[in-house]
Amino acid sequence: MGKIKRFFSHETSIIDDGCIIGERTKIWHFSHIMPDCIIGDDCNIGQNVVVSPKVVLGNNVKVQNNVSIYTGVFCEDDVFLGPSMVFTNVINPRSAIKRQNEFQVTNVKRGASIGANATIVCGNTIGEYAFVGAGAVVTKNVLPYALVVGNPSQQIGWVSEFGHRLIFDKNGIAECVESGDKYIKNNGLVDKMN
């Protein structure tokens, strides 16, 4: 008896041997899932997406249309990758020079969102629940809960786990307008309060 497929893949998608795909994940039109990658449960892989070998996507990762996720990228649970955003994996690519042994690691931490058409230069970490604005070019690490925009990206504020701007009072406390969760800013970092 054959193994039961526990995920959905559109008939135009290509799924190579040797990858692991979690339950209830959906893979849409013209997407290519390459060998030795791991995709968690409840993910949504949009149209025209490439997931390269050895990429790891956690659970509930949303990948919008036209995204290429190159070897060296690791996304934790609940990450959002906006339409046509770009990852790189080599700092100084040249067509005539093979640099597969120089791939750099990019980590996207739990709950982070990367906006449409943003570019993430390899070797950087996007912190937990950070928000990279549309079109931003990230050239350095992004702190947890940070909001960054522009080219090169600059931090312009902080966001809650629900993605709302946080406004801190004189005591360094802010409240999310949607969830009511409270956050504290201390020594240039933000943490959610219990």
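Me: Where does Gly-127 sit?
Reply: Gly-127 is in the loop between S18 and S19. Strands here are DSSP runs of E with at least two residues, while helices are H or I runs of at least four, and both are numbered from the N terminus.

Me: Is this a predicted model or what, and how are things numbered?
Reply: It's a predicted model, where local features need pLDDT of at least 70, side-chain atom pairs count only at pLDDT 80 or more, and totals for chains, interfaces and linings use all residues. Residues are numbered from 1 along each chain as its sequence is written, and side-chain values use heavy atoms, with hydrogens and water left out.

Me: Back to Gly-127, buried or exposed?
Reply: Gly-127 counts as buried, at 4% relative accessibility. The cut-offs are under 20% relative accessible area for buried, over 50% for exposed and partly exposed in between, using a 1.4 Å probe and protein chains only.

Me: And what is Gly-127 in contact with, leaving aside neighbours within four places in sequence?
Reply: Gly-127 is in contact with Lys-109, Ala-112, Val-142, Leu-143 and Pro-144; contact means heavy atoms within 4.5 Å. As for Leu-143, which is 16 residues apart from Gly-127 along the chain, the two C-alpha atoms are separated by 4.9 Å.

Me: Another loop, then. Where is Ser-52 found?
Reply: Ser-52 is in the loop between strand S8 (50-51) and S9. Ser-52 is buried too, with a relative accessible area of 7%. Not counting residues up to four places away in sequence, Ser-52 touches Met-34, Cys-37, Ile-69, Tyr-70 and Thr-71.

Me: What does S9 pair with?
Reply: Strand S9 (residues 56-57) pairs with strand S12 (residues 73-75) in the parallel sense, over two bridges. Val-56 stands opposite Phe-74 in S12. To count as paired, two strands need at least two bridges between them by DSSP.

Me: Which sheet is that in, and in what order do its strands come?
Reply: An open sheet of six strands with parallel pairing, in the order S3-S6-S9-S12-S15-S18. Strand S3 (20-21) and strand S18 (125-126) are at the edges with a single partner strand each, so one side of each has no neighbour in the sheet.

Me: What about the sheet with nine strands?
Reply: That one is open as well, with mixed pairing, and runs S1-S4-S7-S10-S13-S16-S19-S21-S22. Its edge strands are strand S1 (8-9) and strand S22 (154-158), each pairing on one side only. S1 pairs with strand S4 (residues 26-27) in the parallel sense over two bridges, and Ser-9 stands opposite Ile-27.

Me: Which strands run antiparallel there?
Reply: S21 and S22 do, joined by four bridges, with Leu-147 opposite Gly-157 in S22. Their hairpin has four residues between the strands, and Gly-150 takes a positive phi near 95° there. Strand S19 (residues 131-132), on the other hand, pairs with strand S21 (residues 146-149) in the parallel sense.

Me: OK, whole chain now. How many helices and strands?
Reply: Zero helices and 25 strands. The radius of gyration is 18 Å, close to the 16 Å that the globule rule gives for 194 residues, so the chain is as compact as a globular protein of that length. That radius is taken over C-alpha atoms, and the rule is 2.2 Å times the number of residues to the power 0.38.

Me: How much of the chain is buried?
Reply: Buried residues make up 39% of the 194 residues.
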